[in-house]
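Open your viewer and get ready to select residues by chain and number. We will go stop by stop.

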There are 2 protein chains.
Amino acid sequence: MEKPILSESQEDYLKEIFKLRELNLNVSMQDLANKLNVKPPSVTGMVKKLCAMNLVEHEPYKGVQLTETGEKIALEILRHHRLLELYLAKHLNYSWDEIHEEAERLEHVISEKFEAAIAELMDHPTHDPHGDPIPSADLVIPDSPELAPITLHKTGHQLTISRVMSQDKDILNLLSRLELIIGRKITIKGNESTGVRLKVNENQYLIPHSIAKLVWCHDDEKAD
Amino acid sequence: MEKPILSESQEDYLKEIFKLRELNLNVSMQDLANKLNVKPPSVTGMVKKLCAMNLVEHEPYKGVQLTETGEKIALEILRHHRLLELYLAKHLNYSWDEIHEEAERLEHVISEKFEAAIAELMDHPTHDPHGDPIPSADLVIPDSPELAPITLHKTGHQLTISRVMSQDKDILNLLSRLELIIGRKITIKGNESTGVRLKVNENQYLIPHSIAKLVWCHDDEKAD
DNA sequence: AAAAATATTTAGTTATAGCTAATAATATAT
DNA sequence: ATATATTATTAGCTATAACTAAATATTTTT
Ligand SMILES: [Mn+2]
Ligand SMILES: [Mn+2]
Ligand SMILES: [Mn+2]
Ligand SMILES: [Mn+2]
């Protein structure tokens, strides 16, 4: 009674609405079309259907948002996705940039049993390999430390890389070659017009702002 | 060039044609409709499409069979399925009767990387938990010992259960409760009108023919 | 060789989820 | 306030993969 059967497409819409809402204030039809790689008329059609199912609400030109039921489903899929990513990395030797694509397909087909089995095996983890929080079995998002992109942190401070806001293979590959991975301590040496100068281990890099703003860090020196 | 992209449905058709061909001489449209839980007109339509793709050949009233390309794809899916079944059983604590359903969905979405990873982890196994042979990475079916259903073996002989020809949850559950599992040694005590009397460990059972014929065994006493 | 039974196909329908081109509604800029 | 740009929707089309009801072809039985 509680669980309507949704198509993979519908699940992806709900998940994407959730993720966009986490960032933006409101989610436009355009935003969804971009993220889901479909055209706006397709979004209109699907959002209409999801409205009818009471999974989303839509005020044209104002935004789409999830109902309580819709959010639960989104969190369920997100949990699948992030548990899978961690599982693939830890148990099947996938690299950072390979996990997203595989999880994107598997998330829709694993059973609750599969979900529970890998969660158990990994001792109920709270964050995936990108630093994204994994909703708990009862669909609560765990607290994360206070984070901000490198570009917003103070020069001179020591930071811990805690989350990477991209699933792009090339970006992730680049970051891991520069050792800019989750948990790494870095120091901002300076903010220049072309990018941010960082000290990573013994090395120094100038990374472009476009990359820097994707890397979210905790400030180890901040007192609060 | 070598790999057309097929729908899940199409993959299931190819797999089912392969499995039926292993048993029957020819595979009718009806057979396929039954196995795939669709109606005959749906089969006509899909077989026509698969013919056009050169994956199957069809002589009406005579049967459907796979082309070389079609067979390769069928074996690829079968490999996914059987590797997954074994993986679920060995690494995620699934029981005998739970693995099939999950593998049925996962088989279509795992990548070649995933396939390779679990094959490696399990040391390139040749048989799944039902005793079904797992096609190798280059799609060759491994040799199995000479097997026949319990119903065709000689009274008094000691047998080793080597393959179970069912994916039905209830049947598998029943069999495992009776300890009639892969690798178990049994002895046929007699063939009666209602069924076959077996000695399993220290116990004796009379199991109906309908069940007995699903359990395929190797004759440990046969000299050949 | 007909008749009956079985197997297969055709014709026409449905549902899902996309698309383009055109239209309408709203927001923004002048 | 009006014009322009942006955003969203409608209308109509496509493809996939089912379905039912009816027609046709083949095999089997009498
Ligand atoms: Mn997905
Ligand atoms: Mn992630
Ligand atoms: Mn399947
Ligand atoms: Mn099996």
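Which side chain of chain A meets B:Lys113 in a salt bridge? Select B:Lys113 and look across to A:Glu98: their side chains form a salt bridge, with N to O at 3.3 Å. Keep in mind that this is a predicted model.

**Stop 1: where the chains meet**

Stay at this boundary. The count of salt bridges between chain B and chain A is two. Polar contacts join 11 residue pairs across the interface, both partners at pLDDT 80 or more. Now colour the helices of chain B. H6(B) supplies the largest share, with five residues. Sort that side of chain B by class and you get 11 nonpolar, three polar and four charged residues.

Next, show the whole interface. On chain B, 18 residues are in contact with 18 residues of chain A. About 1500 Å² is buried between the two chains, and carbon and sulfur atoms give 61% of that area. Select B:Leu92, B:Val109 and B:Lys113. These residues of chain B lose the most area to chain A, together 34% of what that side buries.

**Stop 2**

Keep B:Leu92 selected. Which residues does B:Leu92 contact, leaving aside its neighbours within four places in sequence? From chain A they are A:Tyr87, A:Phe114, A:Ala117, A:Ile118 and A:Leu121; from chain B there is B:Tyr87.

Widen the view to the largest nonpolar core, which has 36 residues. Select A:Leu92, A:Phe114 and A:Ile118, then B:Leu92, B:Phe114 and B:Ile118. These touch the most other members of the core. Helices H4, H5 and H6 of chain A, and H4, H5 and H6 of chain B, each supply at least two core residues.

**Stop 3: two loops with a positive phi**

Move to chain A and select A:Tyr61. This residue sits in the loop between strand S1 (56–59) and strand S2 (63–66). Its phi is positive, about 70°, although A:Tyr61 is not a glycine. Most residues other than glycine have a negative phi. Is A:Tyr61 buried or exposed? A:Tyr61 counts as exposed because its relative accessibility is 87%, and the cut-off for exposed is over 50%.

Now select A:Leu139, in the loop between H6 and strand S3 (148–149) of chain A. A:Leu139 is not a glycine either, yet has a positive phi of about 70°. With 17% relative accessibility, A:Leu139 counts as buried, since buried means under 20%.

**Stop 4**

Select A:His153, in the loop between S3 and S4 of chain A. A:His153 counts as buried, at 14% relative accessibility. A polar atom of its side chain lies 3.1 Å from the backbone oxygen of A:Ala148. Beyond its neighbours within four places in sequence, A:His153 is in contact with residues including A:Leu159, A:Ile188, A:Cys217, A:His218 and A:Asp219.

Last, select A:Ser162, in strand S4 (residues 158–164). A:Ser162 also counts as buried, at 16% relative accessibility. What does the side chain of A:Ser162 reach at 3.1 Å? Look for the backbone oxygen of A:Thr160. Then show the contacts of A:Ser162 outside the four places on either side in sequence: A:His130, A:Gly131, A:Leu147, A:Ile182, A:Trp216, A:Cys217 and A:His218.

Conventions
Residues numbered from 1 in each chain as written. Chains lettered and ligands numbered in written order. Heavy atoms only, no water. Contact = heavy atoms within 4.5 Å. Buried area = accessible area lost by both parts, 1.4 Å probe. Salt bridge = Lys/Arg side-chain N within 4 Å of Asp/Glu carboxyl O. Polar contact = N/O pair within 3.5 Å; in protein donor to acceptor, adjacent residues only side chain to side chain. Helix = DSSP H or I, 4+ residues; strand = E, 2+ residues; numbered from the N terminus. Nonpolar A, V, L, I, M, F, W, Y, C, P; charged D, E, K, R; others polar. Core = buried A, V, L, I, M, F, W, Y, C linked by side-chain atoms within 4.5 Å. Buried < 20%, exposed > 50% of the residue type's maximum accessible area, 1.4 Å probe, protein only.
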